[in-house]
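Student: I have a new structure open and would like to go through it. Can we take it piece by piece?

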Amino acid sequence: MRPEPVRILVVEDELFVAMLVEDLLSDLGCTVVGPASSAREAVAAAEAEGFDLALLDVNLGDGETSFRAAEILRERGVPFAFVTGYGDQGVRPDLRDAPILSKPIDPRQLAKVIARLGEG
């Protein structure tokens with residue numbers, strides 16, 4: 001019997017990047033939840049949605065970030081990774097223990113991070 005697909009919340013404010021991430025995750029056999037495109041949507045999804053993992057774009061436009069959503073996910077025990085073009089310096093220091101994927105996303109790195117998060 002085939003296991004259930006991993007459900008992944010995608011938080012990304014750029015439509016085309018969100019579509020690319022969805023395609024990459026679909027290729028890995030995952031089911032995408034969202035995407036959430038703002039900090040408000042990310043927080044709402046983090047509080048209410050059912051999913052196994054989350055990929056959080058750090059900067060969500062207009063000075064907003066996904067850090068509050070990350071805090072909620074951490075409180076709920078839901079594994080997550082950040083996606084950013086700024087490396088670990090783009091992530092708040094107290095959240096840098098989460099995996100960080102660089103933009104543009106390397107599909108092989110994405111697969112490794114998803115596998116790592118799924119083990120946790």
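**Working through the model**

Student: Gly85 first: buried or exposed?

Tutor: Gly85 is exposed, with a relative accessible area of 55%. Buried means under 20% relative accessible area, exposed over 50%, and partly exposed in between, using a 1.4 Å probe and protein chains only. This is a predicted model, where local features need pLDDT of at least 70, side-chain atom pairs count only at pLDDT 80 or more, and totals for chains, interfaces and linings use all residues. Residues are numbered from 1 along each chain as its sequence is written, and side-chain values use heavy atoms, with hydrogens and water left out.

Student: Where is Gly85 placed?

Tutor: In the loop between β4 and β5 (100-102). Helices (H or I, at least four residues) and strands (E, at least two) are DSSP runs, numbered from the N terminus.

Student: And how many residues apart in sequence are Gly85 and Ser37?

Tutor: They are 48 residues apart, and their C-alpha atoms are 17 Å apart in space.

Student: Switching to the inside. Which residues have the most contacts in the largest nonpolar core?

Tutor: Leu56, Leu73, Phe80 and Phe82, in a core of 25 residues. At least two residues of this core come from each of β1 (7-11), β2 (31-36), α2 (39-48), β3 (53-57), α3 (67-76) and β4 (80-84). A nonpolar core is a set of buried Ala, Val, Leu, Ile, Met, Phe, Trp, Tyr and Cys residues joined through side-chain atoms within 4.5 Å. There is also a second, separate core of 16 residues, which includes Ile8, Leu101, Ile105 and Val113.

Student: What does Phe82 touch?

Tutor: Leaving out residues up to four places away in sequence, its contacts (heavy atoms within 4.5 Å) include Leu56, Val58, Phe67, Val91, Leu95 and Leu101. Phe82 counts as buried, at 0% relative accessibility.

Student: How many aromatic pairs are there?

Tutor: Two aromatic pairs. Rings of Phe, Tyr and Trp (its six-membered ring) pair if their centres lie within 6.5 Å; planes under 30 degrees apart count as stacked, over 60 as edge-to-face and the rest as tilted. The rings of Phe67 and Phe82 have centres 5.8 Å apart and planes at 80°, so this pair is edge-to-face. Phe67 is in helix α3 and Phe82 in strand β4, so the pair ties together parts 15 residues apart in sequence. The rings of Phe80 and Phe82 have centres 5.5 Å apart and planes at 80°, so that pair is edge-to-face. Ring pairs link Phe67, Phe80 and Phe82 into a cluster.

Student: Now α2. Which of its residues are buried?

Tutor: Ala39, Ala42, Val43, Ala45 and Ala46. Seen down the axis of α2, these buried residues fall within an arc of 165°, so they line one face of the helix. The arc is that of the directions from the helix axis to the C-beta atoms. On the other side of α2, Arg40, Glu47 and Ala48 are exposed.

Student: What do the buried residues of α2 pack against?

Tutor: They pack against β1, β2 and α3.

Student: Last one: where is Arg74, and what does Arg74 touch?

Tutor: Arg74 is in helix α3 and is partly exposed, at 36% relative accessibility. Arg74 touches Phe80, Asp94, Leu95 and Asp97, not counting residues up to four places away in sequence. The C-alpha atoms of Arg74 and Gln89 are separated by 20 Å, with the two residues 15 apart along the chain.
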